[in-house]
Amino acid sequence: MVLVLLVVVPFCLVISPSISQNNPKKLYVAYPSPNHQTQSDHIFLIGTAAPDGDVRVNGMPIKRSRSGNFAPSFPLQLGLNTFKLRYKNQSLDLRVSRLPDFIELPKDLGFLPTSLMPNVNISRLPNEDICFEAIATPQANIQVKLSDFVIPLAKNEQLQLPPNSAILTNTNLPYPSANGSFRGCTQFPESGNLGKPEFIATLGDRIISQKSGGNITILSPQKIELAKVIVESGVARSGAGSDFSRLTPLPKGTVDRITARKGDWVRLSYGGWIDTKSVQITNASAVPNSLVRSFNTRKVTGWTELIIPLQIPVPITITQGDRNFILTLHNVTAQTDTNLVNDDPVVERIDWQQREPNKVEYTIRLKSTQQWGYKVRYEGTSLILSLRHPPQINSQLNSSVNSQLNRQGNKFINSTDKRSLQNLKILLDPGHGSKEDLGARGGNGYPEKDVTLIVGKLLEQELLKKGAKVTLTRRGDDDIYPQTRAEMIEKQEPVIAISLHYNALPDQGDAENTKGIGTFWYHAQSHSLAMFIHNYLVKDLNRPSYGVFWNNLALARPTVAPSVLLELGFMINPEELEWIINPVEQKKLAKSLSDAIAQWVVTGESK
């Protein structure tokens, strides 16, 4: 199940997931849990009972699958909602509370205490925008007093955006700001500690004030602080917080100037933010920058390395394109006349440009459209970018397999050819595991973790028939964190990595009607694999398509190989669940997945 959808899992009933299978005639509800709370305007009820007879909710019969599973949705009123489920002589009562999805404004003149922003300590450079926000009595006049400055706040007309997960339920359109929302921005020219902003609300002759929790400091241009990355891969983001988008990770040793602070985050001069736990902060007498005078390439087993000697390890940005790989060095000035690039299995040529006074861009022109993985590190102050060579596939085999393709059917005629993936390493990740991490659950209580392991082992057997060397991240009911699974990919360097999951939805979704295969990719090198496997499974198995998503998932983030995460159906959909847990269909799925992987790797589809 996709990480953002895990909100479903904690609210499932904490009982044996096999209870409905042991008691096939028992009325059973897997979701929601007793006394569930939500802000959604509707809720789905996921459960099962024996297929004969009716299941009624508040006296009305509901639709069920052939096996008796159900997932109807019902509107919710604000406050307590009661659902009475009845099957023959059995009954269950469910209570769901809908919490308000709007902000309750102060009844009298005043502020919503948690709305005053900034609410953590921040630091900015002189003449840089600092914005203040508050939710207060709508008719009031709002201003902020900070040191000797008074900043007026106006009604916030800026539209708001729902969380990123809203794209999964097609509810991602903007909406108006809350009534009583105020906002204002200004700049401060001089460095110094300005203290905590005091928010003042005035209505008629009444005045009320409240200070926020954040202290504001304007940094001195003469005081230089440096941040040095002390973890193997420093997670850089577009803003100060883990809910902001990831940027290119910063290799260990990267050094840059701190230009802003917000809580436990610092902004580096090139623009990225990083958590203070990932860096060592020191004072300096000069702003760090470097010259670059040359680069060269060398071949090591399975990889081409681009070596760029620098004076200090600088921040980098990486962008993958179609037949090119763009590496940007920040805080760098070029003094380059001569570089060395010999004939290479991957690199056609390397071009460079001084894009801005402190930014040098290297465009690596590639011989193949498909990129097979990369790694980046610092050795001392030299940047080493490693580009992976394509897998070694026998050319005669390639021609043989191509001649056997049924182009109309889009699959192998001889899909059990033991040579097609000979000696190629493939990593499979059966999602979830352990008593704590069940994943999504079907209406009969069947857990996602069990079916991903079954399909993972079936797929392993199909890939072994084709000569592949297969690694599974787990072979039993193991508790493995997503980051640990991702580290296994980086360490083992397979040709491709596939993470196997089954899907669920947040409360605002439609569990009864949403179904289909979904595929998730992150790096451009994985897009072709994601699209090909998705289309192949949908066509070959005659399954619905949920869609192909770019998504920031741990199992899609490894760079050493094309890595994708598959959501092979919806556990919570009554009809699709029957397909998901059917042993015959599981074998067909594994066979189809194996054929799709082999065709993508071996034929020109991936080149």
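This is a predicted model: local features need pLDDT of at least 70, side-chain atom pairs count only at pLDDT 80 or more; totals for chains, interfaces and linings use all residues.
User: Let's start with helix H7. How far apart are its end C-alpha atoms?
Analyst: They are 29 Å apart. H7 has 20 residues, 583–602, so at 1.5 Å a residue the helix should span 28 Å. The two values agree.

User: Is H7 mostly covered or mostly open?
Analyst: Mostly covered. Of its 20 residues, 14 are buried.

User: What caps the N-terminal end of H7?
Analyst: Asn582 does. One of its side-chain oxygens lies 2.9 Å from the backbone nitrogen of Val584.

User: Which residue pairs with Lys588 in a salt bridge?
Analyst: Glu585. The closest N and O atoms of the two are 3.7 Å apart.

User: How are Lys588 and Glu585 placed in the helix?
Analyst: They sit 3 residues apart in H7, so about one helical turn separates them. Lys588 is partly exposed, with a relative accessible area of 44%.

User: Switching topic. How many salt bridges does the whole structure have?
Analyst: A search finds 28. One of them joins the side chains of Glu305 and Arg377, at 3.4 Å from N to O.

User: Where in the chain are Glu305 and Arg377?
Analyst: In distant parts of the chain, 72 residues apart. Glu305 is in strand S29, residues 303–309. Arg377 is in strand S35, residues 374–379.

User: Glu305: buried or exposed?
Analyst: Buried, because its relative accessible area is 7% and the cut-off is under 20%. Arg377 counts as partly exposed, at 28%.

User: What about Asp351, which residue does it bridge to?
Analyst: Arg349, with the closest N and O atoms 3.1 Å apart. Asp351 is partly exposed at 24% relative accessibility. Arg349 is partly exposed too, at 45%.

User: Now the nonpolar cores. Which residues touch the most other members of the largest one?
Analyst: Phe83, Leu421 and Ile498. That core has 86 residues. Its largest share, 9 residues, comes from H7.

User: What is Phe83 in contact with, leaving aside its neighbours within four places in sequence?
Analyst: Its contacts include Ile43, Leu45, Val57, Phe74 and Leu92. Asn58 and Asp93 are among them as well.

Conventions. Residues are numbered from 1 along each chain as its sequence is written. Side-chain values use heavy atoms; hydrogens and water are left out. Helices (H or I, at least four residues) and strands (E, at least two) are DSSP runs, numbered from the N terminus. The expected span of a helix is 1.5 Å times one less than its number of residues. Buried means under 20% relative accessible area, exposed over 50%, partly exposed in between (1.4 Å probe, protein chains only). A polar contact is a pair of N or O atoms within 3.5 Å; within protein, one must be able to donate a hydrogen and the other to accept it, and residues adjacent in sequence count only if both atoms are side-chain atoms. A salt bridge is a side-chain nitrogen of Lys or Arg within 4 Å of a carboxyl oxygen of Asp or Glu. A nonpolar core is a set of buried Ala, Val, Leu, Ile, Met, Phe, Trp, Tyr and Cys residues joined through side-chain atoms within 4.5 Å. Contact means heavy atoms within 4.5 Å.
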